[in-house]
Amino acid sequence: MMVTVLVLLGNAAAAVTSAGRAIAWAPCVENPTAECGTLTVPLDGANPGGPTIDLAVARRKATDPQARIGSLSVNPGGPGESGVDFILRRQGYFSEEITRRFDIVGFDPRGVARSNPVACSVELMRQAPADPFLKSQADFDRWLDHNDRLRADCRARTGPLFDHVDTLPGR
């Protein structure tokens, strides 16, 4: 598993969403030893004043508040990996010194787990061609047709968020 870590020095407890609201931290339902909340962000990064969605976030506070120097934001990678699950289940991932000095914060990216997950037909996903190895133009065409149908299904079930779950800038 490749984990991306972003170091934030300062007061993560005062983190404010793009909508200007502080994150309301509370014990997580799945694991009350961590805190959970939501971060309101624009649906479309190119339109910051437009519609918003809520992203799920979780944190474990630094074990020594007096020695705390900031926060580590963790993204376990993906596609489709939950940063909230990482915080809830991977307590021993960081050293004692790191957890003593930093809050560890994870989030579910848009379209993942608790952050408005992309919804697709399981039945349609099961209809994928059996062999993932393409040996002919006909194989390629079957996969292309299936992917087109699956994309349309996922988009219809997910709504406007579907067009904003990639990592392309300005979309």
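This is a predicted model: local features need pLDDT of at least 70, side-chain atom pairs count only at pLDDT 80 or more; totals for chains, interfaces and linings use all residues.

Q: Why is the link of Cys 28 and Cys 36 called a disulfide?
A: A disulfide is a pair of cysteine sulfur atoms within 2.5 Å. The sulfur atoms of Cys 28 and Cys 36 are 1.9 Å apart, so the pair meets this definition. The structure holds two disulfides.

Q: What makes the disulfide of Cys 28 and Cys 36 right-handed?
A: The torsion about its S-S bond is about 100°, and the disulfide is therefore right-handed.

Q: Why are Cys 28 and Cys 36 called buried?
A: Buried means under 20% relative accessible area, exposed over 50%, and partly exposed in between (1.4 Å probe, protein chains only). Cys 28 has 3% relative accessibility, so it counts as buried. Cys 36 counts as buried because its value is 18%.

Q: What makes Cys 120 and Cys 154 a disulfide, and which parts does the pair tie together?
A: The S to S distance of Cys 120 and Cys 154 is 1.9 Å, and with 125° about the S-S bond this link is right-handed. Cys 120 lies in the loop between strand E6 (102-107) and helix H3 (122-126) and Cys 154 in helix H4 (residues 137-158), so the pair ties together parts that are 34 residues apart in sequence. Helices (H or I, at least four residues) and strands (E, at least two) are DSSP runs, numbered from the N terminus.

Q: Are Cys 120 and Cys 154 buried or partly exposed?
A: Cys 120 has a relative accessible area of 24%, so it is partly exposed. Cys 154 is at 6% and therefore counts as buried.

Q: Which residues does Cys 154 touch, not counting residues up to four places away in sequence?
A: Contact means heavy atoms within 4.5 Å. With those sequence neighbours left out, Cys 154 touches Val 118, Ala 119, Cys 120 and Phe 162.

Q: Which residues of the largest nonpolar core touch the most other members?
A: A nonpolar core is a set of buried Ala, Val, Leu, Ile, Met, Phe, Trp, Tyr and Cys residues joined through side-chain atoms within 4.5 Å. Of the 14 residues in the largest one, Cys 28, Ala 58, Ile 87, Phe 94 and Ile 104 touch the most other members. The elements giving two or more residues to this core are strand E4 (52-60), strand E5 (70-75), helix H1 (83-89) and E6. H1 supplies the largest share, four residues.

Q: Why do Phe 86 and Phe 94 form an aromatic pair that is edge-to-face?
A: Rings of Phe, Tyr and Trp (its six-membered ring) pair if their centres lie within 6.5 Å; planes under 30 degrees apart count as stacked, over 60 as edge-to-face and the rest as tilted. Phe 86 and Phe 94 are 6.4 Å apart centre to centre with 70° between the planes, so they form an edge-to-face pair.

Q: What makes Tyr 93 and Phe 94 an edge-to-face pair?
A: Their ring centres are 5.1 Å apart and their planes are at 80°, so the pair counts as edge-to-face. Ring pairs link Phe 86, Tyr 93 and Phe 94 into a cluster.

Q: Is Tyr 93 buried or partly exposed?
A: Tyr 93 counts as partly exposed because its relative accessibility is 37%. Phe 86, at 4%, is buried, and Phe 94, at 17%, is also buried.

Technical notes: Residues are numbered from 1 along each chain as its sequence is written. Side-chain values use heavy atoms; hydrogens and water are left out.
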